[in-house]
Amino acid sequence: MWYMFQLSIRKLSSAHICGICVRVLCASVPLWLLCFSLVSAQTTDPVKIIAELEEELTAHIRLLSDWGGLTRYGSENAELGPPAPGVDRVVFLGDEITEMWGTGKVKFFSGKPYLNRGISHQTTPQMLVRFRQDVISLKPKVVVIQGGSSDLAGYAGPATEGTIAENFMSMAELAKAHGIQVVLASLTPVCDCFKNLTDRRPQGKIIGMNGWLKDYAARSGSVYLDYYSALAERRAMKKDLTVDGLIPNDAGYERMAPLAEQAIAQALGKK
């Protein structure tokens with residue numbers, strides 16, 4: 001098992017990864033804790049474990065080279081002009097829940113002037129860093145902000161519910177200062193249907209953050225978008241609505257789409 005992990009490291013290192021990046025990655029406590037927990041787990045599928053480790057390592061490499069993710073949509077944004085008169089452009093800003101929307105059979109709001117600006121494993125401070133480039137500069141009428149789950153998972157280091165809340169507030173205040181209506185999406189539920197996810201994303205913290213988001217939306221004149229209730233059974237993601245316990249499948253996104261449309265319409269009606 002360990003030999004297979006070493007091979008994966010060599011493969012990634014050969015892809016022009018600088019020596020200092022590898023040393024920093026090796027010193028990354030969260031990454032190594034994940035590696036040892038997975039390697040030590042009793043499993044009959046080592047290939048799956050290696051794939052998960054490589055995905056996590058790739059995320060750490062991206063974190064080192066472009067912490068805010070500014071290069072992900074930079075070129076695409078540069079090619080976009082301002083929205084045509086009368087067009088209600090909407091930007092969806094988020095993590096993998098947003099980025100993966102449209103990669104299956106269910107398309108991402110086909111024919112609508114909606115822009116997907118999701119980046120897998122992104123946390124709210126990273127979203128805040130790229131908020132001006134990926135939201136304000138695109139001049140949308142509405143921004144749908146979805147995030148927080150990756151913060152709880154510790155992808156960019158330790159995060160408290162207080163710091164996550166502050167990042168949401170900063171993004172909402174920036175949007176409103178530029179005449180952009182705000183939709184705050186709930187954190188989506190997770191389940192241990194395929195692998196253990198609740199240890200890194202405790203269900204109680206997800207519920208707590210959603211309570212804060214709903215309250216802050218009401219206080220700030222934003223719209224609260226409740227994905228959670230449509231996807232959850234008790235406190236967990238419904239197994240038939242997810243591909244891995246975190247990311248929705250086509251059926252999950254089909255439930256989310258009309259809720260997003262209703263929230264956008266409500267936000268536009270506030271003007």
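Predicted model: local features only at pLDDT ≥ 70, side-chain atom pairs only at ≥ 80, totals over all residues.
Helices here are DSSP runs of H or I with at least four residues, strands are runs of E with at least two, and both are numbered from the N terminus.

Residues are numbered from 1 along each chain as its sequence is written, and side-chain values use heavy atoms, with hydrogens and water left out.

Back to Val129. It is partly exposed, at 43% relative accessible area. On that scale, buried means under 20%, exposed means over 50%, and partly exposed falls in between, with a 1.4 Å probe and protein chains only.

Next, a helix pair. Helix α10 covers residues 161–177, and helix α11 covers 203–220. Their axes come within 11 Å and cross at roughly 30 degrees. That makes α10 roughly parallel to α11. Axes are lines fitted to C-alpha atoms, for helices over the stretch in contact, and angles run from 0 to 180 degrees between N-to-C directions. Under 35 degrees counts as roughly parallel, over 145 as roughly antiparallel, 65 to 115 as roughly perpendicular, and the rest as oblique. The α10 and α11 crossing is right-handed. For handedness, the near helix is turned from the far one by less than a right angle: clockwise is right-handed, anticlockwise left-handed.

Now the backbone. Most residues other than glycine have a negative phi. Phe109 has a positive one, near 45 degrees. Phe109 lies in the loop between α6 (96–99) and β2 (114–118). Buried or exposed? Phe109 is buried, at 9% relative accessible area. Arg234 also has a positive phi, near 60 degrees. This arginine is in the loop between β6 (232–233) and β7 (236–237). Arg234 counts as exposed, at 79%.

Last, charges. How many salt bridges does the structure hold? Seven. The test is a side-chain nitrogen of Lys or Arg within 4 Å of a carboxyl oxygen of Asp or Glu.

Arg117 pairs with Glu76, with the closest N and O atoms 3.5 Å apart. Arg117 is in strand β2 and Glu76 in helix α5 (residues 70–79), so the pair ties together parts 41 residues apart in sequence. Arg117 is buried at 1%. Glu76 is partly exposed at 40%.

Asp88 bridges to Lys141, closest N and O atoms 2.9 Å apart. Asp88 lies in the loop between α5 and β1 (90–94), and Lys141 in the loop between α8 (131–134) and β3 (142–145), so this pair ties together parts 53 residues apart in sequence. Asp88 is partly exposed at 31%. Lys141 is partly exposed at 29%.

Finally, Glu261 and Lys112, closest N and O atoms 2.5 Å apart. Glu261 is in helix α13 (residues 250–269), Lys112 in the loop between α6 and β2, and they are 149 residues apart. Glu261 is partly exposed at 23%. Lys112 is partly exposed at 38%.
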